[in-house]
Amino acid sequence: MSAQLAHATGLDDTLTAKIEPFDSFWEAPPDIEKGYESVGTFYRHNYLPLLPRDRSVRILVISCGPGYFVNLLREECYDSVLGIDSFPDKIAHAQRHGLNCRVARAFGFLDANRQPYDVIIAEQEINHLTKLEILQFLGLCHANLVDDGILVVHGVNGAHPVVGSESRWGNFDHYNAWTQYSLQQVLDHGGFADIRVFGLNLYVFYRNPLNYVAWLWDRLNTLFFRFSFMMVGKSNRLFTKKIAAVARKRAAA
């Protein structure tokens, strides 16, 4: 058994992805330490405005890797944050930074947890789960949120005419891709409300002038893609490489 799979136990052993399992973060840059700034900048721009202003809310970060998101939340004075990841070496990086992160498998942790969270953030793309596993995961997240609690998820955008197909098929452990409609559809089915699907902005590193050129190229492409989709009767408006969604747990009637 490989070192990567040696720590697999319980519920999570049944998950299909084995090379890049869902419960670990795979997008860290080669220099892991630099990621605390670069990945943190990406999260600060794209995700931080979605979170409650109350710094005492309980937040769970799933597939936290070296703790990039957890580190950002600490910088922003959120004082009740836990990160989990299945790979001990990634958690070791987080703990060296004094972050509240620990080794745990995502499904097993959620299944055993009895103290619901105000916010759950999945750092890994949910396209690393099969359709059945996605429904199971959303069910576990729903059960682990307080009423009106917030869930944040993301995945590759299958509607992108240039990279959508490669993003879907370019990784052996990608089992699906998303569109604005399908992501909203599955969250609604999972018992969530106030769903907002949005594009993730990759060009947030404003100290690099090339990002302004890339942003302009992206905006022009988006206008062309929207027009092209309209001409064939499609209403999709999101053409970023990846899309995300924030949703609220629908309170029981």
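1. The model is a predicted one. A disulfide is a covalent bond between the sulfur atoms of two cysteines. The rule applied here asks for a pair of cysteine sulfur atoms within 2.5 Å.

2. Cys77. The closest cysteine sulfur to that of Cys77 belongs to Cys101, and the distance is 17 Å, which is too far for a bond. Is Cys77 buried or exposed? Cys77 counts as exposed, because its relative accessibility is 53%, and the cut-off for exposed is over 50%.

3. Cys101. Cys101 is in no disulfide either; the nearest cysteine sulfur, that of Cys64, is 3.9 Å away. The limit for a disulfide is within 2.5 Å. With a relative accessible area of 4%, Cys101 is buried.

4. Ala17. Ala17 is found in the segment before α1, the helix of residues 35-46. Its relative accessible area is 6%, so Ala17 is buried. Which residues does Ala17 contact, leaving aside its neighbours within four places in sequence? They are His128, Asp173 and Tyr175. Along the chain, Ala17 and His174 are 157 residues apart, yet 8.0 Å separates their C-alpha atoms.

5. Helices α1 and α2. Helix α2 covers residues 68-75, and α1 packs with α2 at an angle of about 75 degrees, the axes being 9 Å apart. The two helices are therefore roughly perpendicular, a class that takes in angles of 65 to 115 degrees. On the α1 side, the residues in the contact are Gly35, Tyr36, Val39, Gly40, Tyr43 and Arg44. On the α2 side, they are Tyr68, Phe69, Asn71, Leu72 and Glu75. Sorted by class, the residues of this contact are six nonpolar, three polar and two charged.

6. Helices α5 and α7. Helix α5 runs over residues 131-143 and helix α7 over residues 180-189; their axes come within 10 Å and cross at roughly 55 degrees. In the contact, Ile134, Leu135 and Leu138 of α5 meet Val186, Leu187 and His189 of α7. The contact of α5 with α7 has five nonpolar residues, one polar residue and no charged residue.

Definitions and conventions:
Residues numbered from 1 in each chain as written. Predicted model: local features only at pLDDT ≥ 70, side-chain atom pairs only at ≥ 80, totals over all residues. Heavy atoms only, no water. Axes fitted to C-alpha atoms, helices over the stretch in contact; angles between N-to-C directions. Helix = DSSP H or I, 4+ residues; strand = E, 2+ residues; numbered from the N terminus. Contact = heavy atoms within 4.5 Å. Nonpolar A, V, L, I, M, F, W, Y, C, P; charged D, E, K, R; others polar. Buried < 20%, exposed > 50% of the residue type's maximum accessible area, 1.4 Å probe, protein only. Parallel < 35°, antiparallel > 145°, perpendicular 65-115°, else oblique.
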